[in-house]
Amino acid sequence: MTMAAFQKAMCDLIASPDLCLELVETPDAVLGRYDLSERDRRRLVEVVQQPGMVVNCSLYRANRLSPIINLIPHTCFLLGDALLGEATEFWKGFKETRMQFHDEVKQFGDFLQHRIEMGVLQHAMLGEVLEYERALNEFRYTPRIEVLAQLERSMSVSESLRLHPLIRVLLFRHEPRRLLQLLDERQPPPYELAEGEYWLLLDGKDEEVETKLIDPTVGRLLKAIDAGSAPSLSAADVEVLVEAGLCI
């Protein structure tokens with residue numbers, strides 16, 4: 001038996017209200033997972049029955065939820081009342097955190113994307129807004145100056161055309177400018193938006209990410225280049241893309 005085992009059990013309980021309820025109902029099944037003394041087992045049973053434990057669980061979840069809300073705010077706004085339930089479901093499989101908020105938010109984004117693909121989350125605009133905010137976070141945590149300096153040093157021609165590492169192209173099925181404006185203003189859905197094929201280009205080469213709508217033909221081409229499935233291009237077309245800073 002170790003102090004570490006007691007601390008681990010305590011952290012697990014604070015992180016999971018469901019585990020606290022399970023402990024109250026079946027203490028032997030829960031506490032049997034840890035190398036605890038009989039005294040520590042009694043202490044844990046007493047702790048989870050105290051009113052303050054509810055506060056501890058709430059504070060823990062609030063501390064983990066805050067960076068998610070800060071880094072993907074529009075996605076969280078669209079989730080609305082479903083946010084806490086989705087986060088709780090996510091945390092069941094992602095319990096360990098070393099306060100690397102970007103990593104946790106990235107994996108929460110992966111989780112939401114999977115839920116969208118599975119049809120669990122069916123909000124019409126959620127997927128495109130999530131992809132947009134995930135791209136912004138990539139730029140936020142990418143060492144931009146180092147990437148640009150490395151590209152400057154490496155003047156050799158690549159074997160294949162690639163999208164510039166600080167460029168992203170995103171497909172929206174709803175007019176993105178108006179959609180993002182409504183989200184910035186915290187206007188609750190539903191929204192009346194034009195629908196179609198809209199390609200938004202994100203340029204992260206400067207400190208402030210630049211966004212602009214581009215022609216669908218160009219958007220599809222850049223997306224194909226990024227996926228490694230672009231059609232053959234003439235030398236002149238390649239030169240135009242490279243000189244425009246879109247490809248390398």
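Colleague: In which loop does proline 190 lie?
Modeller: This is a predicted model, in which local features need pLDDT of at least 70 and side-chain atom pairs count only at pLDDT 80 or more, while totals for chains, interfaces and linings use all residues. Residues are numbered from 1 along each chain as its sequence is written, and side-chain values use heavy atoms, with hydrogens and water left out. Helices (H or I, at least four residues) and strands (E, at least two) are DSSP runs, numbered from the N terminus. Proline 190 lies in the loop between helix H11 (176–184) and strand S2 (195–203).

Colleague: What is omega for the peptide bond from proline 189 to proline 190?
Modeller: Proline 190 is in the loop between H11 and S2. The peptide bond that joins proline 189 to proline 190 is cis, with omega near 10°.

Colleague: Is arginine 186 buried or partly exposed?
Modeller: Arginine 186 is in the loop between H11 and S2, and its phi is near 55°, a positive value in a residue other than glycine. Buried means under 20% relative accessible area, exposed over 50%, and partly exposed in between (1.4 Å probe, protein chains only). Arginine 186 has a relative accessible area of 39%, so it counts as partly exposed.

Colleague: How far apart in space are glycine 80 and phenylalanine 94?
Modeller: Glycine 80 is in the loop between helix H6 (73–79) and helix H7 (82–93), and at 34% relative accessibility it is partly exposed. In sequence, glycine 80 and phenylalanine 94 are 14 residues apart. From C-alpha to C-alpha, the two are apart in space by 21 Å.

Colleague: How many disulfides does the structure hold?
Modeller: A disulfide is a covalent bond between the sulfur atoms of two cysteines; here it is taken as a pair of cysteine sulfur atoms within 2.5 Å. Cysteine 20 is buried at 8% relative accessible area, and cysteine 247 is buried at 2%. The number of disulfides in the structure is zero.

Colleague: How is H5 oriented to H8?
Modeller: The axes of helix H5 (residues 51–71) and helix H8 (residues 101–117) come within 10 Å and cross at roughly 70°. That angle makes the orientation of H5 to H8 roughly perpendicular.

Colleague: Which residues is asparagine 137 in contact with, leaving aside its neighbours within four places in sequence?
Modeller: Asparagine 137 belongs to helix H9 and is buried at 5% relative accessible area. With those neighbours left aside, asparagine 137 is in contact with Leu71, Ile72, His102 and Val105.

Technical notes. Axes are lines fitted to C-alpha atoms, for helices over the stretch in contact, and angles run from 0 to 180 degrees between N-to-C directions. Angles under 35 degrees count as roughly parallel, over 145 as roughly antiparallel, 65 to 115 as roughly perpendicular and the rest as oblique. Contact means heavy atoms within 4.5 Å.
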